[in-house]
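Me: Please examine the structure below with me, one question at a time.

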Amino acid sequence: MPPDPITLHSWGRFPVTDVIVHVPRNAQDIRQLLQPPPAEATRFSGIARGLGRSYGDSALASHVVQTRQLDHFLDFDADSGVLTCAAGVSLDTILHHFTPRGWFLPVVPGTRFVSVGGAIASDVHGKNHHLDGTFGQHVQSLRLLLANGEIIHCSSIENSALFHATCGGMGLTGIILDASIVLRRVPGSAVMQRTLRTRNLREVIELFDANVSTTYSVAWLDCLASGSALGRSLLFLGEHAQDGRYQAPRSGGISVPFSSPAFLLNRYSMSTFNALYYQRPINSEREQRIEAGNYFFPLDSIAHWNRLYGKRGFLQYQFVVPDESAREAITRVLSTSSAAGKGSFLSVLKKFGPGNDNLLSFPMQGYTLAMDFKWERTLLPMLDELDRIVLDHGGRLYLAKDARMSAEVFRQGYPRWEEFAQLRAQTGADQIFNSLQSRRLGF
Amino acid sequence: MKNILIIGANSAIAKSVSRLYAEEHCRLYLLARNVEELALQKTDLEIRGASEVDFATFDVNNFGAHDAIIDQVLDSLGSIDLAILCHGSLPDQALCAENFAAALQEFNTNALSVISLLTSLANHMSIQRNGCIAVITSVAGDRGRQSNYIYGAAKGMVSLYLQGLRGRLYPNGIHVVDIRPGFVDTPMTKAFKKGALWASPEQVAQCIVTGIRKKKHTIYAPWFWRIIMMIVCSVPEAIFKRVKL
């Protein structure tokens, strides 16, 4: 008997939907779930879900396969650094056990509370994308459970079509059971950070380009500055410390206990915060030593920070545009959003390196900007406007953050969508693996 | 480095407890029914830092095999510094109310098997003259409630047994811990709607490991269940019998 539905949302707390959650203990349990039922019952249709850190509706469906019990380490080769673990293991768990031994994940997103399966499905990127690419590019191989219950090994050599569809495939090719990831030896876990203040968008882009050989780079951008100060930013550059000291990111910090009234976040509070943050005293000559946890995951120290956006949640809008049109596109996006009176506490700008062979992977050579917008009715028309700017400049939106883009916007941004759809049809995945997002995007 | 025996090792709480001890580089011996899950745990725990992990398949309801399995564990570990009994099942109360065979089965799993295993363990460990015995009981054992009294009675029996055993083993240097979790989100309770009082197995495991280190006698996991159960136990029976709890 299936369990009762529960009300569920992902990190952006929008949308909210009723979901039947299955928590399999192993591959056999999942197989049973996918088996064609007796005539009268409806067949399983749903999506895998890890820690629910995608923002929108990519891990929501009428049924979800929760991977938290698939949480075993399966193998570790201390010579090569290849770690094999089940899909439900979190990046936090990996860092907890391996940072003290001198290893680090080759790519980490802005939160360590994501599962390995989720990191692969979203083909996540980090502050080192311009040099090291996405998470999927460090996956040596993975095991995928297909719609027919078959389990296959995938890598860039073996079943490579499914491998490149699955990395970045938002769980729509099957259920990722486990994966082998190549960990990286680092000279120290902390990061030596330099902070550069830039006066406008042109300056920050020039500085990103000038520092392209720095391992980690990311900029916080004041999205409410306008005129000649439009795009003013703080650029954070980082390299692993060489001190041989290793400390895993620690839990603790503060927690937001309940949804705060959303009106506290308005254009005045946000522009004040942004202006103060931009003007904080900085010595750009001096390097600061920052522990890995604070450098890579500053927001993880505020548990449930998504509650700050109120009961109705928020949308994160993240897009990428190619180098050549980046300045113009980002200028237009920022002026459109500030003209609409919509701002974001945290707007993050990052230079990407080249894209990869994964069919639905987000990054491409260029610049990506992520902005958080509190949910309100007037937001959606403005985002449609931003979509047009992004597409006109040859860009696209990040599926892991999306809760509202149209099928048309998706297809224009991801020209290999047809190949992806074909592969889904061939493996029968289109009948079984669906999310609210995949339905909206026309799969 | 401690030698630790974990019985019912495939339960969600046991799994989390084993992981915490693995990080302390302990040596673990796991007993449970499902051999595939045990093998998976062995690899996992060794990667997490356990100095060595052994396991054997074992059904707690095969009482006749208890002495032999404890001998086997002692042969392998040499001595047992800590034994944690985590096995249990959640009865179908309505079925047990009608059918004594079902109730007996639940008493065997949740109470008598524990007493049988502890008889064997206590005798071996009192020869060592040090060590700790910890048993997962339940807040349900604090007071009989109409919705769940077979489970409550079985767990309550174990709690009373542990109180006596604690006194008996005290002169031998053996510490006895009664672990009483509240609602825990595990496969055993998957049919329940979860609310604010529910804890994760990881949280409960942390309470257990900390409580054992601090030599607590009774661990409520999480701690606030001590207060909840004080209130539940203070309601006069004349009122309590009318409450559909």
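Me: Which residue in S2(A) stands opposite Thr7(A)?
Reply: The model is predicted, so to speak of local features requires pLDDT of at least 70, side-chain atom pairs count only at pLDDT 80 or more, and totals for chains, interfaces and linings use all residues. Residues are numbered from 1 along each chain as its sequence is written, with chains lettered from A and ligands numbered from 1 in the order in which they are written. S1(A) and strand S2 (residues 16–22) of chain A pair in the antiparallel sense over four bridges, where strands (E, at least two residues) and helices (H or I, at least four) are DSSP runs numbered from the N terminus and pairing requires at least two DSSP bridges. The residue opposite Thr7(A) is Asp18(A).

Me: Which strands stand at the edges of the open sheet?
Reply: The four strands of this open sheet follow the order S1-S2-S4-S3 (chain A), with mixed pairing. Each edge strand has a single partner, so one side of each is left without a neighbour in the sheet; these are S1 (6–9) and S3 (46–49) of chain A.

Me: Are H9(A) and H10(A) roughly parallel or antiparallel to each other?
Reply: Helix H9 (residues 323–339) and helix H10 (residues 379–392) of chain A pack at about 170 degrees, with axes 10 Å apart; axes are lines fitted to C-alpha atoms over the stretch in contact, and angles run from 0 to 180 degrees between N-to-C directions. Angles over 145 degrees count as roughly antiparallel and those under 35 as roughly parallel. H9(A) and H10(A) are therefore roughly antiparallel.

Me: How many residues of chain B are in contact with chain A?
Reply: Contact means that C-beta atoms, placed from the backbone, lie within 7 Å. Nine residues of chain A take part, and the number in chain B is nine.

Conventions: Two residues are in contact if their C-beta atoms, placed from the backbone, lie within 7 Å. Angles under 35 degrees count as roughly parallel, over 145 as roughly antiparallel, 65 to 115 as roughly perpendicular and the rest as oblique.
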